[in-house]
Structure formats: structure tokens, C-alpha cells
Amino acid sequence: MVAKSLLRTCFVLMFVLGRSPVASASLPEYNNSDIENPSPAQRSKETFQRSLSGLYSIPSYRSPTLLQPYSDFDALYNQAASAQSELKDVLNQVSLLTATQPVFPGLKSKARAEHKIATELGGQTELLTDLARGSLVSNDIGSLVQSFELLNNEVTVVEVKNRFKHPAPSGYRDLKLLVRLPKTQHIAEIQLHLEEISEIKNGAEHDIYEQIQVIERQANAELRDLSDIEVAKLKQLRQQSLSMYQSAWHQYLQPEAIAS
């Protein structure tokens, strides 16, 4: 009886110890099929990481010579109409191959162009590079990177500002390009946007910008420094803008944000 009792006690102890957290924990088992056929979640995460790495790896760049074909304003402006048509064809073609939407604000007006030449470009017409312009708006980072790669095959990129890697103080992000079009040799401006950020820029942030301009212009018109109340208001408005842009950007920093 004593022997049987000891045997039974040993069996119980072995059973209890065998069910300890370490002993009972199950380790995942992988086989070749898991590597050759990753799950949709695995593919999504890997695709997202490649897209984000690709976006951050696009370097900001500026060609040493960014001159338009004409230094005469009328000649350059007349050429810009043909350039805008050429740019439209390029962006429409790229949008058909990517999940992007082309947007065309139209030529910069003559009055605004001449004002910019006089006040910002030292009277040098050949430095004006945003007469012809357009945008591609994407719903995901992968499509934005793909559209940049395709554009490189269609036009000569002469300047890149990667404001995803180095955002503006307001928090705004985009990929801003200057490109030389192959037919007209005109330099045009292209912006690659993410939809949520673009909507803020053209909506809520635009209203904030107008409020900031009103406060600053009033102080300038009255030849005075900003008051403490005005400084506090400007800080609040800029923080509001930054918060909106950061919130929009963070929506894209998830693997599930990749377009299927």
C-alpha cells in the first residue's frame, strides 16, 4: 500500500509540473508553405514598410540650372499654354497606371506671374517655374511612390522637395517636383499629395492661414509689434494646424492603410 501511495504521489507531481506555464506554452510552428505563401497581414506589413522606406529614400534635389527656355515674359507665357496641355497628358497617363487622381488648377494668371517676377525673382522671367502646374492625389503611400517612379520615366525631374521626410513647420507634407517636359522643354510644377493632407490644406488649414494673415497684416499696417494676445492667438492657430496635419499623416502610418 505504501509503495502504491508513493507511486500515485509521484504521478500527480509529474502531471502538475508538466502543466506549468513554461511547459504548457505552445510555440508557433512554421513550414515552407508559410514562407512561400505569407498571409495577407504579412504581405500588407511588408508592402507598407517598403513603401514608407521608398518615400523616405527620395532625396531632396535641385539642379544647378533651373532656367526656362525664354527670358521674354510674353514668349514664356504663350509657351506655358502648350506646356500645360503636355503636363496634363503626362499626369493623366500616370494616374491611369496608379491609384491617383490628377488635379489641374490651370495656368498661373499673368498678373500673379508678373508680380512674382518683380518681387521675388529680381525681374528674371526665366526663373519663373510654376506657370504650368498640376497634382496627383493618392490614397496611400505606395501609390504616391509608384507615381513618382513613373514620372521619372516620362519627364526630367530637375528639383525635388521631400516634405514627407522634412515637413513644413505647419506639419504639412507633400512631394513637390519641378520637371522639364520633353516636348516643350518647359519647366512645370508637380505636387504629389496624400488625400487627407490635401483636404486639410485646401480646407481647414487655408482658413487658419487667412486668420494668421489678417493678424499679421493689421500689425504691419499699424507699424507696430504684435501684442501678447495676438502672439498667443497665432501660437494657438499654428498648433491647431500642426495637430491636424499630424493626425492626418498618422492615418497613413499603418500597414492596413495600403491600398489592396
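Residues are numbered from 1 along each chain as its sequence is written, and side-chain values use heavy atoms, with hydrogens and water left out. As the model is predicted, local features need pLDDT of at least 70 and side-chain atom pairs count only at pLDDT 80 or more, while totals for chains, interfaces and linings use all residues.

**Sheet**

Six strands form an open sheet with mixed pairing, in the order β1-β4-β5-β6-β3-β2. Helices (H or I, at least four residues) and strands (E, at least two) are DSSP runs, numbered from the N terminus. Two strands pair if DSSP finds at least two bridges between them. The edges are held by β1 (61-62) and β2 (100-103); each has a single partner strand, so one side of each is left without a neighbour in the sheet. The strands β4 and β5 run antiparallel and are joined by six bridges. Val160 has Leu177 of β5 as its bridge partner.

**Aromatic rings**

The structure holds three aromatic pairs, and two of them, Phe73 with Tyr77 and Tyr172 with Tyr245, are described here. Rings of Phe, Tyr and Trp (its six-membered ring) pair if their centres lie within 6.5 Å; planes under 30 degrees apart count as stacked, over 60 as edge-to-face and the rest as tilted. Phe73 and Tyr77 form a tilted pair, with 5.7 Å centre to centre and 35 degrees between the planes. These residues are four apart in helix α5 (residues 73-97), which means that about one helical turn separates Phe73 from Tyr77. Both Phe73 and Tyr77 are buried (under 20% relative accessible area; exposed is over 50% and partly exposed in between, with a 1.4 Å probe and protein chains only).

Tyr172 and Tyr245 form an edge-to-face pair, at 5.6 Å centre to centre and 65 degrees between the planes. This pair links distant parts of the chain, 73 residues apart: Tyr172 is in the loop between β4 (156-162) and β5 (175-180), and Tyr245 is in helix α10 (residues 228-251). Tyr172 and Tyr245 are buried as well.

**Pockets**

A pocket is, on a 1 Å grid over the protein atoms alone, an open set of points where a 1.4 Å probe fits, with protein on both sides within 12 Å along at least five of seven lines; lining residues have an atom within 4 Å of a point.

The largest pocket is lined by 37 residues, and Asp130, Lys176, Glu189, Gln191 and Lys201 are the closest to its centre. In the second largest pocket, α9 gives the largest share of the lining, four residues. Its lining residues include Pro169, Tyr209 and Arg238.

**Positive phi**

Gln185 is not a glycine, yet has a positive phi of about 65 degrees. Gln185 is in the loop between β5 and β6 and is partly exposed, at 37% relative accessible area. Leu223 also has a positive phi, near 50 degrees. Leu223 lies in the loop between α9 and α10 and counts as exposed, with 79% relative accessibility.
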